[in-house]
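The sequence and structure come first.

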Amino acid sequence: MKICLHFLHIALLISLVVGCKKDNEPTSGLSAKIQNIVPQATLDDLKTKGLVINQGSQPPNIEGVFEVSPYRLLSQYSDKDNFQKGRVIGNYKYRFYQQQGDVVQVDYKNASGSETGTGKGALLAGSGNKFTLFLETAGTDSGISFKALDVVSGEIGPDGILNFQIGLTMTQKTGDDKNTRLIPINQARIWEDGDQLAKKVTTY
């Protein structure tokens with residue numbers, strides 16, 4: 001898996017619905033399972049960088065295949081990032097399936113097929129048509145082992161996922177990364193669909 005692309009997209013899901021409802025109502029908050037894998041500092045950083053986080057314990061059904069095009073950088077991890085805001089990379093497809101409540105299976109791949117992920121379980125939050133998906137990933141690049149958190153956010157609609165966004169945070173690296181091939185630990189990039197709609201397609 002190419003880490004350059006991995007940190008430009010991949011996949012996990014985050015969306016936030018903030019309203020006037022009480023904290024004990026199903027449209028507010030994140031489950032204990034999600035809080036166990038996502039520190040509050042990470043959520044705060046993602047939101048500061050522009051990622052919408054949809055909370056709630058009744059997410060919509062998001063099953064289907066969706067294509068993100070153009071895949072555009074919304075926010076750099078810092079001003080030291082050599083990826084500039086607005087940078088566009090190859091299209092990605094995401095397949096969500098076997099959803100059972102707040103758990104869904106995720107497959108993803110880029111247009112060239114050089115990066116893929118298959119059968120990865122993710123946790124969902126959300127209510128109404130809005131959702132946020134949280135996906136823990138792991139891999140190795142150039143001898144550097146890493147773990148990351150992908151967060152995907154959007155609103156399911158008849159033609160696809162509106163306002164599709166992806167946040168990627170590096171959570172762990174093991175090995176010599178003196179050339180900073182991977183983004184720094186506890187830093188994040190935010191990507192989005194450039195036309196605000198990840199279109200629903202028939203084939204993966």
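Is Phe 164 buried or exposed? The model is predicted, and in it Phe 164 has a relative accessible area of 1% and counts as buried. The cut-off for that class is under 20%. Tyr 94 is also buried, at 0% relative accessibility.

**Aromatic pairs**

The aromatic pairs number seven. In one of them, Tyr 94 and Phe 164 are tilted, with 45 degrees between the planes and 5.7 Å from centre to centre. Tyr 94 belongs to strand S5 (residues 92-100) and Phe 164 to strand S10 (residues 160-174), so this pair ties together parts that are 70 residues apart in sequence. Ring pairs also join these two residues into a cluster with Phe 66, Tyr 71, Tyr 92, Phe 96, Tyr 108 and Trp 191.

**Strand S2**

Strand S2 covers residues 64-68; four of its five residues are buried, so S2 is largely enclosed by the rest of the structure. S2 pairs with S5 in the antiparallel sense, over five bridges. S2 is also joined to strand S12 (residues 197-201) by three bridges, and these strands too run antiparallel. Glu 67 takes part in both pairings: Lys 93 stands opposite Glu 67 in S5, and Lys 199 is the bridge partner of Glu 67 in S12.

Note on methods
Residues numbered from 1 in each chain as written. Predicted model: local features only at pLDDT ≥ 70, side-chain atom pairs only at ≥ 80, totals over all residues. Heavy atoms only, no water. Phe/Tyr/Trp six-rings, centres within 6.5 Å; stacked < 30°, edge-to-face > 60°. Helix = DSSP H or I, 4+ residues; strand = E, 2+ residues; numbered from the N terminus. Buried < 20%, exposed > 50% of the residue type's maximum accessible area, 1.4 Å probe, protein only. Pairing = 2+ DSSP bridges.
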